[in-house]
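Look at the sequence and model first, then read on.

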Amino acid sequence: MNLLFIILGVVILVLGATWLVEGASSIAKRLGISALTIGLTVVAFGTSAPELSVNLISAIGGSSDIALGNVLGSNIFNTFMILGLAALVKPVGVQHSTVKVEIPFFLLSALVLWVLSNEVFLDSAELNVISRSAGLVLLLLFCVFMYYNFLVGKEDPASASPEIETRKLWMSVLMVIGGLAFLVGGGKLIVLGAVNMATKLGVSQSIIGLTIVAAGTSLPELATSVVAAYRNKPDIAIGNVVGSNIFNILLILGLTAGLKPIKLYSGANLDLALNIAAGILMLVFAVSGPGRKFDRREGMILVMVYMAYLAYQIINA
């Protein structure tokens with residue numbers, strides 16, 4: 001029953017995010033906002049809405065293990081499983097700007113998160129916690145990333161300009177309201193199912209957050225990246241993963257920690273380290289070999305790393 005709650009919650013979250021993005025984009029277009037700006041704000045935010053919904057509800061309910069586990073687990077799943085599967089479907093090419101700026105920015109975000117999370121080692125604090133001030137630092141870095149996106153979008157508007165369908169105003173407003181309601185409802189179902197499942201199985205909430213919840217909230221990214229790779233749109237496949245990882249760390253954890261400081265669960269530093277390793281591996285794979293691409297061999301390596309990590313989590317649950 002708890003697993004059913006999580007699955008139903010994921011379906012509702014995906015529907016809610018889709019309605020919110022489509023409704024808000026239509027309203028923005030009616031207000032004369034450019035497709036470029038909509039793509040860099042509304043659409044980009046919408047892909048991270050499931051994780052954000054789960055995290056905010058977890059933080060408010062005091063389930064910080066699920067909040068942090070969801071973000072770290074989503075990033076690990078995005079990099080190793082989604083990018084790995086996309087490369088197995090078809091080798092994924094990487095743009096020069098992605099290698100030069102976006103992947104290094106994700107790596108920087110992962111390193112900053114590790115530093116901000118380890119106050120016991122670095123500042124003689126009594127407890128490792130992502131504080132409200134740390135959340136503010138993450139949000140400031142997010143603003144820098146969005147400004148970079150805006151500059152890139154101005155140079156190449158097509159890269160950030162989605163196809164936007166203009167709907168009747170009442171329908172758009174209804175979609176936004178319904179989307180927000182579904183995000184809240186789906187998030188509550190997932191958190192409820194995750195907390196109950198952890199209690200029933202006698203495992204920590206972080207394990208459920210790192211595995212089932214993280215994979216569930218990453219399903220939109222999985223579908224987008226695999227389909228993009230199959231249709232020879234590598235920019236979308238790799239950009240979707242890297243962008244989602246950066247959003248997860250900077251925006252979602254930043255807002256969550258700003259709302260309520262996040263205590264690190266036992267073993268969190270392993271997941272933080274794997275998050276950093278994800279950035280390093282992406283950078284190494286992108287610059288090594290001919291043609292700047294993730295080939296099938298590298299895709300297999302990424303998937304195998306995730307399987308080993310998943311096995312470790314299950315064994316130590």
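The model is predicted. In it, helix H3 has a kink of about 35 degrees, centred on asparagine 78.

Helix H3 covers residues 64-89, 26 residues in total. At 1.5 Å a residue, they should span 38 Å. The end C-alpha atoms of H3 are 36 Å apart, which agrees.

How many residues of H3 are buried? The count is 22 of the 26, so H3 is largely enclosed by the rest of the structure. Alanine 86 belongs to this helix. Its relative accessibility is 0%, and buried means under 20%, so alanine 86 counts as buried.

## H1 against H7

Helix H1 spans residues 2-30, and helix H7 spans residues 169-201. Their axes come within 6 Å and cross at roughly 155 degrees. Angles over 145 degrees count as roughly antiparallel, so H1 is roughly antiparallel to H7. The crossing is left-handed. Which kinds of residue make up the contact of H1 with H7? They divide into 25 nonpolar, 12 polar and 3 charged.

Isoleucine 6 sits in H1. Its relative accessibility is 2%, so isoleucine 6 counts as buried. Glycine 193 is 187 residues from isoleucine 6 in sequence. In space, their C-alpha atoms are 5.5 Å apart.

## The length and end of H7

Helix H7 has 33 residues. At 1.5 Å a residue, H7 should span 48 Å. The distance between its end C-alpha atoms is 47 Å, which agrees.

What follows H7? The next residue is glycine 202. Its phi is positive, near 70 degrees.

## H4 against H11

A further helix pair is H4, residues 96-117, and H11, residues 268-287. They pack at an angle of about 165 degrees, and their axes are 9 Å apart. The angle makes H4 roughly antiparallel to H11. H4 and H11 cross in a left-handed sense.

How values were computed. Residues numbered from 1 in each chain as written. Predicted model: local features only at pLDDT ≥ 70, side-chain atom pairs only at ≥ 80, totals over all residues. Heavy atoms only, no water. Axes fitted to C-alpha atoms, helices over the stretch in contact; angles between N-to-C directions. Helix = DSSP H or I, 4+ residues; strand = E, 2+ residues; numbered from the N terminus. Parallel < 35°, antiparallel > 145°, perpendicular 65-115°, else oblique. Left-handed = near helix turned anticlockwise from the far one by under 90°. Nonpolar A, V, L, I, M, F, W, Y, C, P; charged D, E, K, R; others polar. Expected span 1.5 Å × (residues − 1). Bend = angle between axes of the 7 residues up to and from the residue. Buried < 20%, exposed > 50% of the residue type's maximum accessible area, 1.4 Å probe, protein only.
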